[in-house]
Amino acid sequence: MIPKQTVNMTDVARRSGVSIASVSRALRGESGVSPATRSRILSAARELAYVVSPEASRLSGGTTGRVGVVVPRVDAWFYSTMLAGIAGEFDAVGVDLVLCALPDAPARHRFFEALPLRRKVDAVIVVSVPLTTREHTRLDQLGLPTVFVGGHHPRADQPWVGIDDERAAQQAVGHLLRIGHRDIAMIQAGDDGGTPWATNEARIRGFHRQIGGAGLAEPIVETVEWGIDGGARGMELLLSRPQLPTAVFCHSDEIALGALRTLRRSGISVPQQISVIGVDDHPSAEIAELTTVAQPVREQGRIAAGLALAHLDPERPQAAPTVTTLPTRLVIRGSTAPPR
């Protein structure tokens, strides 16, 4: 157990020779304290190892110096890379990151009913979490500035950062069409707990619109659990059909990597017998020679962090909430080629 802090604000005031009110203002970064006095107070606080309680600061009308980041999971490249982008911006200005991982529907329900971030953070970043109407309402009840990354676009008064997932799918399928494929299947990720994931829905729309625009017949679609194992299972299902498609569009690179694993074990050559394409540009995509549509994940985290930090600076003019859509790009590697 960490021992309770014994040094208090009175000790800092006595050491620096000022009033407790001046110490409070200086430690919370408020005006009304001269630079020399503020420097003396901060020096005394460091010497005494005094730390402002975030909860006490919040209750007294100050800021906590912390931002909550809500993610579905942390054991995946997309979310860990997003967190790295956010954390880098926070570290540069001394803001703490409070992480909340919500891996399934029951965890999300508990989180939004209890609202554990209340009075503990100054702002919230929500990273691609599928939310019900009730959960959106509960999030609003926090009364905190909220930035959304990926997923559904929020209301007009809430900033959003992400990519056009529908466009990403169209880029992937468009590449397959341009090199001559007409029998294109899709391995898509299924929804979790009945709550639609906006990313999945958008990539499904992009796939079908591109296929429909080319005048092709209804394609084969397999729905699997997100991840490498899901992709391997999806390709097994495609191989169980009477005829193998000439190309497969996968919802993510993880799914595509699983599909490649099944094809390798089955002795089916890529891209000679079948082409495979994904989305994201996972670090393993280059190793596997996977053609993909790249998205700037870390940059999305940096931008979201900047929007959250803007709300912590009372002297910075508050801009109107914006929708920031970053571009995606096709990265052609060795997993796609014209059909035989």
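1. Strand 3, helix 7 (residues 133-140) and strand 4 form a right-handed β-α-β unit. Right-handed means that, with the strands pointing away from the viewer, the path from the first strand over the helix to the second runs clockwise. Helices (H or I, at least four residues) and strands (E, at least two) are DSSP runs, numbered from the N terminus.

2. This is a predicted model, in which local features need pLDDT of at least 70 and side-chain atom pairs count only at pLDDT 80 or more, while totals for chains, interfaces and linings use all residues. Residues are numbered from 1 along each chain as its sequence is written, and side-chain values use heavy atoms, without hydrogens and water.

3. Strand 3 pairs in the parallel sense with strand 1 (residues 66-71) over four bridges; pairing requires at least two bridges found by DSSP. Ile125 in strand 3 stands opposite Val69.

4. Strand 4 (residues 146-149) also pairs with strand 3 in the parallel sense, over four bridges. Phe148 in strand 4 is the bridge partner of Val126.

5. For the protein overall, there are 13 helices and 12 strands. Of its 340 residues, 49% are buried.

Key:
Buried < 20%, exposed > 50% of the residue type's maximum accessible area, 1.4 Å probe, protein only.
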